[in-house]
Amino acid sequence: LDTYGWVLFRRGETAQALPVLERAVALAPDQPALRFHLAMAQRATGMAGPARENFERALAADLPRAYAEQA
C-alpha cells in the first residue's frame, strides 16, 4: 500500500494517494517511513496539522536520515 500510495503522490495524484497512505499507516503505525509519506501527502493537500503530527512521530521513531532531512 505504501509503495502504491507513494507512486501516486510522486505522479501528482495526491488526492488519490492520501487514502492509500492513510490505510498503510493504519496497518503499520510504527513504521516511520510510512508516516513520512503520509505527512508529505497531507502537507501537499493543505492538512498542515496532521502533516506536522506525522512528521513529528516519524522523526521520533528514528526516521531514516534521507527522510529526516526533508521532514
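**View 1. Helices H1 and H3 lie roughly parallel to each other in this predicted model.** The axes of H1 and H3 come within 10 Å and cross at roughly 30 degrees, and because angles under 35 degrees count as roughly parallel, the pair is therefore described in that way. The crossing of H1 and H3 is left-handed. On the H1 side the contact is formed by Asp 2, Trp 6 and Phe 9, which meet Leu 34, Phe 36, His 37, Met 40, Ala 41 and Ala 44 on the H3 side. Sorted by residue class, this contact of H1 with H3 holds seven nonpolar residues, one polar residue and one charged residue.

**View 2. Helix H1 packs against helix H2 at an angle of about 160 degrees.** The axes of H1 and H2 are 8 Å apart, and the angle between them makes H1 roughly antiparallel to H2. H1 passes H2 in a left-handed crossing. From H1, the residues Asp 2, Tyr 4, Gly 5, Trp 6, Leu 8 and Phe 9 take part, and they meet Thr 14, Gln 16, Ala 17, Val 20, Leu 21 and Ala 24 of H2. The residues of this contact of H1 with H2 divide into eight nonpolar, three polar and one charged.

**View 3. Helix H3, residues 32-44, packs against helix H4, residues 48-60.** The two axes are 8 Å apart and the packing angle is about 160 degrees, which makes H3 roughly antiparallel to H4. The crossing of H3 and H4 is left-handed. In H3, the residues Pro 32, Arg 35, Phe 36, Leu 38, Ala 39, Met 40, Gln 42 and Arg 43 meet Pro 50, Ala 51, Asn 54, Phe 55, Arg 57 and Ala 58 in H4. Nine nonpolar, two polar and three charged residues make up the contact of H3 with H4.

**View 4. The largest nonpolar core contains 17 residues.** Within this core, Phe 9, Met 40 and Phe 55 touch the most other members. The elements that give two or more residues to the core are helix H1 (2-10), helix H2 (14-27), H3 and H4. Once its neighbours within four places in sequence are left aside, Met 40 is in contact with Trp 6, Phe 9 and Phe 55. In soluble globular proteins, nonpolar side chains tend to be buried together.

**View 5. Gln 42 is a residue of helix H3 that counts as buried.** Which category does a relative accessibility of 5% give to Gln 42, buried or exposed? Buried means under 20% relative accessible area, so Gln 42, at 5%, counts as buried. When neighbours within four places in sequence are left aside, the residues in contact with Gln 42 are Leu 18, Met 47, Pro 50, Ala 51 and Asn 54.

**View 6. The whole protein is built from five helices and zero strands.** Read from the N terminus on, its elements run α-α-α-α-α. Of its 71 residues, 38% count as buried. Among the contacts in the protein with a separation of 6 or more, 36% are accounted for by residues 24 or more positions apart.

Technical notes:
Residues numbered from 1 in each chain as written. Predicted model: local features only at pLDDT ≥ 70, side-chain atom pairs only at ≥ 80, totals over all residues. Heavy atoms only, no water. Axes fitted to C-alpha atoms, helices over the stretch in contact; angles between N-to-C directions. Helix = DSSP H or I, 4+ residues; strand = E, 2+ residues; numbered from the N terminus. Parallel < 35°, antiparallel > 145°, perpendicular 65-115°, else oblique. Left-handed = near helix turned anticlockwise from the far one by under 90°. Contact = heavy atoms within 4.5 Å. Nonpolar A, V, L, I, M, F, W, Y, C, P; charged D, E, K, R; others polar. Core = buried A, V, L, I, M, F, W, Y, C linked by side-chain atoms within 4.5 Å. Buried < 20%, exposed > 50% of the residue type's maximum accessible area, 1.4 Å probe, protein only.
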